[in-house]
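My entries follow in the order I made them.

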Amino acid sequence: MDGQPASEASEIEEEPAETLRLESLHRIEYLLGGILILFFFWSISMAKDVILPIVLGFLIALTLSPLVRWLRKIGVPAGVAAIVLISSIGLGSGFGLYMLSGPASNLVETLPEVRASAEGKLDYVRDKLRQVQEAEEDMQELAKGGGGDDPATPENEDDVTTVLVDEPGMVETALSSLAGTGTALVIALILAMFLLASGDMFQRKLVQSFSRMQDKKRALRVSHDIERQISRYLGAITVINAALGLCIGLSMHAIGMPYAHVWGVAAFLLNYLPYLGAMIGVVAVAAVSLITFETAGAMLVPPAVYLLLTSIEGQMVTPVLVGRHLSLNAAAVFVAVIFWAWLWGVAGALMAVPFLVGLKVVCDNLPALDFLGRFLGAEKPPRL
C-alpha cells in the first residue's frame with residue numbers, strides 16, 4: 001500500500017498536465033472563434049454596398065416564391081411569372097414615387113418655415129433655459145470668490161481663429177442615402193427576378209450537395225421553413241402596413257393635417273422598422289403639427305392619433321395576425337433591430353426581423369443550436 005509502481009505514479013502526475021493543456025487549447029479555440037465572429041461582422045459592415053442588394057434580392061425572392069409556384073401550377077412559366085411580378089413592383093414603385101414627388105418637394109421647401117415657426121414658438125422655453133444658465137454662471141462666480149477677469153480669456157479677441165467646416169446638410173445627406181437605397185433596390189429586383197425565374201434550382205442544388213439522406217431531408221426542411229416563415233411575415237406585414245397607412249392618411253385628413261396622403265405613405269414605409277418607425281413617425285407629425293396649429297390642444301391631437309393607431313397595430317393587430325406563425329421574443333427582436341441598424345443603418349433595421357426569422361428556423365432544426373432557438377422564441381402561455 002505504501003509504495004506504488006513508478007509507472008502509475010508518473011501517469012497520475014501527467015493527467016493534470018494533460019488536462020491543463022486541453023483547457024488551454026479550448027480557451028484558444030474560443031478566443032479564435034470570437035475573433036472570427038468580430039471579423040465577420042466587420043467584413044459585412046465594410047461590404048454593405050455589395051451585400052445589401054444581394055440579401056434584399058433573396059428576401060424579395062423568398063416573399064414572392066409562393067406566388068410564382070402557384071402561377072406555375074396553373075400553367076404560367078416561372079420566367080414569365082418572375083418578369084411580370086418584378087416589373088409590376090418596379091413600375092408601381094416608380095409611379096408611386098412620381099405621384100409623391102410634388103407633395104414631398106413642397107414639404108421639403110417648407111422646412112425653413114418649419115424651423116423659423118418652431119423657433120418662434122419655443123422662444124419662451126429658450127428664455128427660461130437662458131435664465132437658468134445665467135443663474136448657474138452667477139453661482140459659479142460666487143463660488144470662485146467674486147468677479148475678475150478669466151485667465152482663460154484671450155487678451156486680444158482678434159487672435160482667436162474660427163474654423164468653419166463645410167458639412168453636407170440634412171437634406172443633402174437624406175437625398176444621397178435615398179439614391180444609394182434606390183440603386184440597391186433596382187439591383188435587388190433584378191437579382192430577385194433571376195432567382196424566381198430559376199424555380200427550385202437552388203433548392204435542388206442544396207439537397208444534392210449533401211451525401212446522406214438524413215442531411216438531404218434536413219436541408220430541404222430548413223429551406224422550406226425559411227421560405228414559408230419569411231414569406232408569411234413579409235406578406236402579412238405588408239398588408240398590415242398598407243391598412244395602417246390608409247387609416248393614418250384618412251385620420252390626418254380628418255383633423256386638418258397638411259399632406260395627409262404623404263403621412264399615410266410615410267406610415268406604410270416607416271412601419272417596416274419595428275419600434276423605431278412608430279417613434280420617427282410620431283416625432284415628424286408632432287414637428288409639423290407644431291407649426292400648423294395655434295393652440296396646444298390642437299398641436300397634440302395629430303401625434304396622439306398617430307401614436308394611438310400605431311399602438312393598436314403593434315399591440316393588437318400584428319400579434320394576432322403574425323404571432324400565430326412567428327413566435328419571436330420581443331426583446332430579441334428589439335436587440336436585433338438596434339444591432340442591424342447600427343451595422344447597416346435603416347436597411348439593416350428593415351432586414352433585422354427576416355434575419356432573425358431565418359436564424360430561428362436554422363436553430364430549431366439543428367440540435368446543437370436548439371438552445372439558441374428556445375432563447376429567440378416567445379414564451380408560450382401555460383395551458384389551463
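**Entry 1: overall**

I began with burial. Of the 384 residues in the chain, 26% are buried; buried means under 20% relative accessible area, exposed over 50%, and partly exposed in between, with a 1.4 Å probe and protein chains only. This is a predicted model, in which local features need pLDDT of at least 70 and side-chain atom pairs count only at pLDDT 80 or more, while totals for chains, interfaces and linings use all residues. Residues are numbered from 1 along each chain as its sequence is written, and side-chain values use heavy atoms, with hydrogens and water left out.

Next I looked up the secondary structure. I found 14 helices and zero strands. Helices (H or I, at least four residues) and strands (E, at least two) are DSSP runs, numbered from the N terminus.

I then checked contacts along the sequence, where contact means heavy atoms within 4.5 Å. Of the contacts in the chain with a separation of 6 or more, 73% are between residues 24 or more positions apart.

**Entry 2: cysteines**

How many disulfides does a search of the whole structure find? It finds zero; a disulfide is a pair of cysteine sulfur atoms within 2.5 Å. I looked up two cysteines. Cys247 is partly exposed, at 41% relative accessible area. Cys363 has 0% relative accessibility and so counts as buried.

**Entry 3: H2 against H8**

I took helix pairs next. Axes are lines fitted to C-alpha atoms, for helices over the stretch in contact, and angles run from 0 to 180 degrees between N-to-C directions. Helix H2 covers residues 48–73, and its axis comes within 8 Å of the axis of H8, crossing at roughly 95 degrees. H2 is therefore roughly perpendicular to H8. The classes I used are under 35 degrees for roughly parallel, over 145 for roughly antiparallel, 65 to 115 for roughly perpendicular, and oblique for the rest.

From H2, the contact takes in Leu59, Leu62, Thr63, Ser65, Pro66 and Arg69; H8 supplies Ile226, Glu227, Ile230, Ser231, Leu234 and Gly235. I sorted the residues of this H2 and H8 contact by class: six nonpolar, four polar and two charged. Ala, Val, Leu, Ile, Met, Phe, Trp, Tyr, Cys and Pro count as nonpolar, Asp, Glu, Lys and Arg as charged, and the others, Gly among them, as polar.

**Entry 4: Ala81**

I moved to Ala81, which sits in helix H3 (residues 78–109). Is Ala81 buried or exposed? Ala81 is buried, with a relative accessible area of 2%. Leaving aside neighbours within four places in sequence, Ala81 is in contact with Val68, Leu71 and Val76. I also checked Ala81 against Arg69, 12 residues apart along the chain: their C-alpha atoms are separated by 9.1 Å.

**Entry 5: H8 against H9**

The axes of H8 and H9 come within 7 Å and cross at roughly 155 degrees. That angle makes H8 roughly antiparallel to H9. The crossing is right-handed; a crossing is left-handed if the near helix is turned anticlockwise from the far one by less than a right angle, and right-handed if clockwise.

H8 brings Thr238, Asn241, Ala242, Gly245, Ile248, Gly249, Met252 and His253 to this contact, and H9 brings Ala260, Trp263, Gly264, Ala267 and Phe268. By class, the H8 and H9 contact has seven nonpolar, six polar and no charged residues.

**Entry 6: two loop tyrosines**

I looked for positive phi values. Tyr259 lies in the loop between helix H8 (213–254) and helix H9 (260–270). Its phi is near 55 degrees, positive in a residue other than glycine. Tyr259 is partly exposed at 26% relative accessible area.

Tyr275 lies in the loop between H9 and H10. Phi of Tyr275 is near 70 degrees, again positive in a residue other than glycine. Tyr275 is partly exposed at 38%.

**Entry 7: H10 against H11**

Helix H10 (residues 276–292) and helix H11 (residues 296–322) have axes within 8 Å, crossing at roughly 165 degrees. H10 is therefore roughly antiparallel to H11. Their crossing is right-handed. By class, this H10 and H11 contact has 11 nonpolar, four polar and no charged residues.

I finished on Thr310, in helix H11. Thr310 is buried, at 6% relative accessible area. Leaving aside neighbours within four places in sequence, Thr310 is in contact with Leu244, Ile248 and Ala278.
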